[in-house]
Amino acid sequence: MHSSINKAALGAGVSVAALALATGVAAQDGATPVSTVDEIIVTGQPIVGSQRAALLRQREADNVVSVIAADTVGQFPDQNAAAALSRLPAVAVQRDQGQERYLQIRGAPNRWTSVSIDGINIVGVDEGGNQRAFRFDAVPAVILSALEVNKTLTPDMSAESIVARVDLQTYSPFDRRGIDLQGDLGRGEMNLGGGDQEQYSLRASWSGDTFGVFAAISRYRRDQITDNRETVYDAAGAPTALDYRQYFVFRETAGAMAGMEWRPAAGQRLFVKALETEFTDNEERNQYVIQVGSGVGTRTAAAGDLVGVPVRGTANDGYYGNLNRTATLGGDHMAGDWELAWRVNYSEVQNTTDLPIVLSQQLSSSQRFAVRYDRSNSLFPILDIATQTPGATPGSFVRGTPIQTFSPASFGLNLLLPLSSRTDSEGWVYKLDGARDAELFGRPVELRLGFEYDDRSVEGSILSSAAPVVALTQLLPLVGRSFNYADYLTTERWDTGFPSGFGFTYVDNKKMRQDIDAGLAALAGAGRYNAALNISPADRYTIDERLTSAYGSASFDAFGGRMVAGLRVERMEQAIDGFLRVGTTVTPLSVDSDDLDLFPSLNARWDLNEYTVLRAALVTGIARPGYGAVRTGASVSDVSRTIAGGNPTLEPEKTWGGDVSLERYLPGAGVVSAGAFVRLVDNVLYDAVSTVTSDIYDAPGIDRTGYIYTSTQNGDSGHLYGLELSWQQQFVFLPGLWSGFGVQANVALLDGEFDTRAGQTADFPGTSKTVTNLSVYYEKYGLSARLSHQWRDDWLDSLGGLGSGEYRAGYESLDLSLRYALTDSLTLFVDGNNLTDETYVAFEGDPSRPSEVEQIGARWMAGVRFNF
């Protein structure tokens, strides 16, 4: 598939950049040059002040970087770091039930972005247990002091990045001198279902001349209803299943942070910080699947009239959790001519999924239904359901009495599918960096040398549907219990904004879960149920990895600019343990690997004048496969000659590429910039079916080379490229009250593709060809108001877990943020999110075949912020 960047969008973006540049030049006489600062303190106007702080960092950086300062995060109506970062150029987010979760920077898969906290690498695991994808919805924005998106790397940064490295920078007590107390309280409502949302945060700090301490807590909670419709199709495009779902979602993001810092003298610092963040998601599922593909009658893409249609009811009270803990002890010192920085870090990441799904269906064909469906609007199929009665021919059925509300009370088949997974990651990082001024070949240079050792162990499992089924109706009576789906049906109808032509009532999932847990405990006591068997040995893995890194770089003036050139060396040692399952036989399997890689880089910056900066970079990087993808575990069938599982022979994805950007700094804390980039990537990962070519799966007397192999594979080469345009400025050159208006706008025009081993060309998951952000704000006389719009077009989905393989339709987001300062210490706020009430759509190859339609509704929050 060959495609090009949208020419109309390119023309519009260039026009906006030209207008911004002309505006800035016209007002340049009143500008104040952006200069270096050692300490950033944001006061006064929250939007413009924090915008200026971010630009100070960006202007003086050696690499291509985008920055959000802390108060900027607070001014957007964002509850987590992903939502805040999505305001930056070329940063898009993946949402789960409307909430931002993963980042897709420059249109790349989320695994191509690495994450650090205060410069220390943090390796995430997605909810499916497969990818090294960091979940940003677990990090509340209010505990951060700044967010940096490094789009080119310098040698002192981990090479674990193809497109970007995001550094989450936490608070220091010396950010605010003396006693400082900040916080907020807010409450609001979700439009769909009327659920509550609330947030609070509190941060207290004290710092004197040499010593400081701080502590912070935060919490955000939302109770929402999610409307969801899904459709499965046959090869001709006719539906085989019409899936109606609604979720009760109870989500909470909490964070706690504390630290102390000692600065006994200039250039000397000792500190300790500890941070814990947790995301919890309790979801109740109400679901009915109309299995029209099993009916008899007429069934087309547009409409159907069938009898003998089975219907499956599905319910569960599930849990998803993500916990991050990190603690860092560090110091900065002067030792002669050397500036030394050392860090010791411990980090822990837990990802938990618990989904006991109850499936209920008719035992007899006579209990099935007569169904008519109308897909005139393919997003919302309209149903007309009736009972069925015996027809004239024995064994046949005809349409009977129409019914308006569906009830599975008479279903006799009740099965439990206990899906679960858990991944635990624990790691230590030891890091030493040194810098000094020197002379090299007669030229003054700043030398930097460093060493890092990462020791990490990961134990977990992928989320799969291979759990053994528990026949509730048949097994529970053996321990004096019973299960009847009718006992949990309520009379409350679904609160939905989606048309269906039919009514459903809620299931009491909480009571059902309590009874099922009690029943499983009784079965386990009787030796008839073993929860340890819910996860197949083939889905489990244990991985120990040790990453040893060293680097050297030199910063010097040459060719009229500032150059940073260097080399990073990384050695990755991995020991992967898992199990092969052949029928009922389970055999341990271990694979070790040892790779050494070199990563040269060059970043250049030219200060063309006091307002204009030109940057260029040549970079290299790596993205190592996810833990579940490289697991040795697999299921083997010597009868069908097939193997399905992990792929421990995967090679890491490697890249080299270049960036160039031009930045012109404007009055009113403004900048207009244009940048272009390209990344050439080898060994691109993708899911595929191939044949086994190694001997790792062989057994005594059994050669399994040539078996059909379903797993993650390495493709051939690919390329990703794009253009980024950005303009932000307050119109301080306008008279009077008009000078309070300002704009923040950016557009990214992206494209890319890669070749599979079979010679096919495919899109990169996550690549929207166009990503735009536009914010119009007003800040003056104590009022701070901002209306923000985001849009991205269609992209190939790369969500983890059970949702891969679809395209996501483009969508927009419109958010409103209002602040009014009653005093210097007290501010009222109102935030509105998703004001367009977006409908999120996924489709299979063609928009005429939507596979998922979802809506969560708008949400509002009001409250107060204080600062003493």
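Here are some questions and answers about this predicted model.

Me: What is the strand order of the open sheet of five strands?
Reply: Happy to start there. The edge strands are β1 (65-69) and β5 (120-122), each of which pairs on one side only. Neighbouring strands are turned by 25° against each other on average, direction ignored. With mixed pairing, the order is β1-β6-β7-β4-β5.

Me: Which residue in β7 stands opposite valine 115?
Reply: Let us look at the strands involved. Strand β4 covers residues 113-117 and strand β7 residues 164-170; the two run parallel and are joined by five bridges. The residue of β7 opposite valine 115 is valine 166.

Me: How many residues apart in sequence are the parts tied together by glutamate 160 and arginine 624?
Reply: The side chains of these two residues meet in a salt bridge, at 2.4 Å from N to O. Glutamate 160 sits in the loop between β6 (144-150) and β7, while arginine 624 sits in the loop between β28 (612-623) and β29 (634-637). The pair therefore ties together parts whose separation in sequence is 464 residues.

Me: Are arginine 422 and aspartate 424 buried or partly exposed?
Reply: Their side chains meet in a salt bridge, 2.9 Å from N to O. Arginine 422 has a relative accessible area of 40%. Aspartate 424 has 26%, so the term for aspartate 424, as for arginine 422, is partly exposed.

Me: How many salt bridges does a search of the whole structure find?
Reply: One of them joins aspartate 433 and lysine 431 at 3.1 Å, N to O, and both of these residues are buried. Others share partners and join Arg187, Asp196, Glu198, Arg219, Arg221, Asp223 and Glu252 into one network. The search of the whole structure gives a count of 57.

Me: What accessible area do the residues of the nonpolar surface patch have together?
Reply: The patch includes Leu181, Leu185, Tyr200, Leu826 and Phe868. At least two of its residues come from each of β8 (178-190), β9 (196-207) and β43 (826-833). Tyrosine 820, another member, is in strand β42 (residues 811-821) and is partly exposed at 41%. Together, the patch residues have an accessible area of about 940 Å².

Me: What is the phi of alanine 90, and what is that of asparagine 834?
Reply: Most residues other than glycine have a negative phi. Alanine 90 lies in the loop between α4 (81-85) and β2 (91-96), and asparagine 834 in the loop between β43 and β44 (839-843). Alanine 90 is buried at 2%, and asparagine 834 is buried at 4%. Their phi values are positive: near 65° for alanine 90 and near 55° for asparagine 834.

Me: Which residues does isoleucine 535 touch, leaving out those up to four places away in sequence?
Reply: Isoleucine 535 is in the loop between α6 (509-525) and β25 (540-558). With a relative accessible area of 13%, this isoleucine is buried. The residues it touches are Ser420, Ser421, Ser461 and Arg540.

Terms used: Residues numbered from 1 in each chain as written. Predicted model: local features only at pLDDT ≥ 70, side-chain atom pairs only at ≥ 80, totals over all residues. Heavy atoms only, no water. Helix = DSSP H or I, 4+ residues; strand = E, 2+ residues; numbered from the N terminus. Buried < 20%, exposed > 50% of the residue type's maximum accessible area, 1.4 Å probe, protein only. Contact = heavy atoms within 4.5 Å. Patch = residues over 30% accessible without salt bridge, like charges linked within 9 Å, V, L, I, M, F, W, Y side chains within 5 Å. Areas by Shrake-Rupley, 256 points an atom, 1.4 Å probe, with all protein chains shown as cover. Salt bridge = Lys/Arg side-chain N within 4 Å of Asp/Glu carboxyl O. Pairing = 2+ DSSP bridges. Axes fitted to C-alpha atoms, helices over the stretch in contact; angles between N-to-C directions.
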